[in-house]
Amino acid sequence: MKTIRNFVCILFLVSSLNMMAQEYSQELTGGSDLTVKFENVVADLYIEGHTGNKLTVEATGLEPPPEKAAGLKALKRTGLDNTGLALNIDEYDHVIIISGGSSEQNLSYKIGLPEKVNLVITNTWSFQEKNLEVHKMKGEIEINRQFGKVNLFDVTGPVVATVNNGELNVTFSVVNQESPMSLISSQSDIDITLPAGSKATFSLAAGSGEIYTDLDLEKIAEEKEEIDLGDLKVYSPSEGKFISPKGGVRPDVLLPHRYNYTYQFKKGDIDTIGIYNRALGNYYTSNLIYSSWFGGYDYKGTLNGGGVEITIRTQNGNLYLRKSKR
Amino acid sequence: MNCNDVLNNLEAYFSEMLPEETRKAMDDHFFSCTDCRKKLEESIRLEELIVQIPFEDPDENLKNEFVEFIDSERKRIMLQGSERSYVGWKRIMPLTVAASILFFVLGYFGGQLLSKPGIEEEQIIALQNEVRETKNMMILSMLKQSSASKRIMAVNISEELDRLEPELREALFLSLNGDKSENVRLAALEALSRYAGVSEIREELVKSFSLQTDPIIQISMINMMVNLNEKASVPVMEKLIADENTYESVKNQARQGLKLLL
């Protein structure tokens, strides 16, 4: 009696598992010229690269449509559900577009992709905190999301990602040198791990947060401007404009007391605004966005002599840059 | 006219700009000097070859040579010892056909120029202009690519230019206001901020400030406007503070910014 009950239980479990995990698969032609774009798919996504040429999708937590929908198909953002998994998959000119998912369900997709394809994942309107994980992809990865955590493991990039609310973690297996990378968050931490021997040229800014690292970065000195003091104008708050003070500019005396630190000068034939660095006693055309009154700065530094340009910006989070531990 | 004069004018020989008398003097010289005639024939053959180049991308080696040439030119003449990383150039694969042919022509004549002692100042300037034009063209074409990383690369190259042509300025503002990647928009803002001293660009930046909806770009704009002492940005900041959709951190930054500006 007990064994029969166990048997029934197992049978039930197996059949319910079958109902829970449903699969879809499609051959893809093309490699690095192919882009797979997830357009506002509302579900947790787990994407993994493989050496084959198939796109596979496995859905978990998919609930059946209502009885009234018998004989009908769900209409998703880009078209009808043509996978049976609440997803529409369509192809336009070397771009595979995937849309769908469901905000009502606890839905997740496990997706297998040829590792060489480029990946674009956008979710800019959903306020749901869906998670995104990408493993072992070797093409370009572009991510644009407002909410939810993003984890990229063993990727090569180039990675261009904006994750405004939710951590952004990237572990590089190799740092692709082909074209620049950019990682942005306005509210959250950005955490990057890369092989210690990688070549890169970083531009790092953490707004009101901090930057932490164990990488041996070498600072790139700011470009010093040779300025004719006769041409120099400084900003006078009382007059509300840039002026040439009588008797010429004496930055050591005038700037700290009566004038703001910004100054105007001619660089070639171009009017340029620069920042006076009081500590160094020199003029620099620093980046106006980060050399700010708010204490922000833009650290430019090279790793192993420099390489691909990697720009990382967070406003209210911290920035972590690590050596990989293997 | 001696051999040196003739060789220095060799590339001009093919242009309509060359004064008739100089051409005549060169012709006379070619008549009497076998060496120079040989050089001329080589150049003519090369000209023909250039015309015959089929319209397709040159092979990888050739392309790398051009890129390396421009690279070394740039190091030697244009930026005089600047330490910027230049990896980007070597990696630009999808060059336009036009750009690669320009590289070829540039490479050939540039090489000729530099192989001789006593380079004329004007020639260097002409070469600089051509390099700049080529860069402009490349940036404009790269900004249209579907890869966000390539578009950032285009914006980064524009930061190496010593001036911003109107066409390129327009393209950068288009990126700042309309690119679908926030990363590209921020890169465009950082590039444009270098020209914020130019009053027209500054006005455009204030206009653009009122269009931005991404928090990190809004905050970057606030920082920049404060550093620029730009009073015209005050209404935009006030509006941001009043708008209930604005992020709290953006509002805080705007409040601080207003204190510094007013």
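**View 1. The contact between chain A and chain B.** The contact, where contact means heavy atoms within 4.5 Å, takes 47 residues from chain A and 46 residues from chain B. This is a predicted model, in which local features need pLDDT of at least 70 and side-chain atom pairs count only at pLDDT 80 or more, while totals for chains, interfaces and linings use all residues. Residues are numbered from 1 along each chain as its sequence is written, chains are lettered from A in the order in which they are written, and side-chain values use heavy atoms, with hydrogens and water left out. Chain A and chain B bury about 3,900 Å² between them, 52% of it on carbon and sulfur atoms; buried area is the accessible area (1.4 Å probe) that two parts lose on being put together, summed over both.

**View 2. A salt bridge across the interface.** The rule finds 1 salt bridge across the interface of chain A and chain B, a salt bridge being a side-chain nitrogen of Lys or Arg within 4 Å of a carboxyl oxygen of Asp or Glu. A:Arg313 pairs in a salt bridge with B:Glu190, and their closest N and O atoms are 2.8 Å apart. On the side of chain A that touches chain B, the residues comprise 17 nonpolar, 23 polar (Gly among them) and 7 charged (Asp, Glu, Lys and Arg); nonpolar here covers Ala, Val, Leu, Ile, Met, Phe, Trp, Tyr, Cys and Pro.
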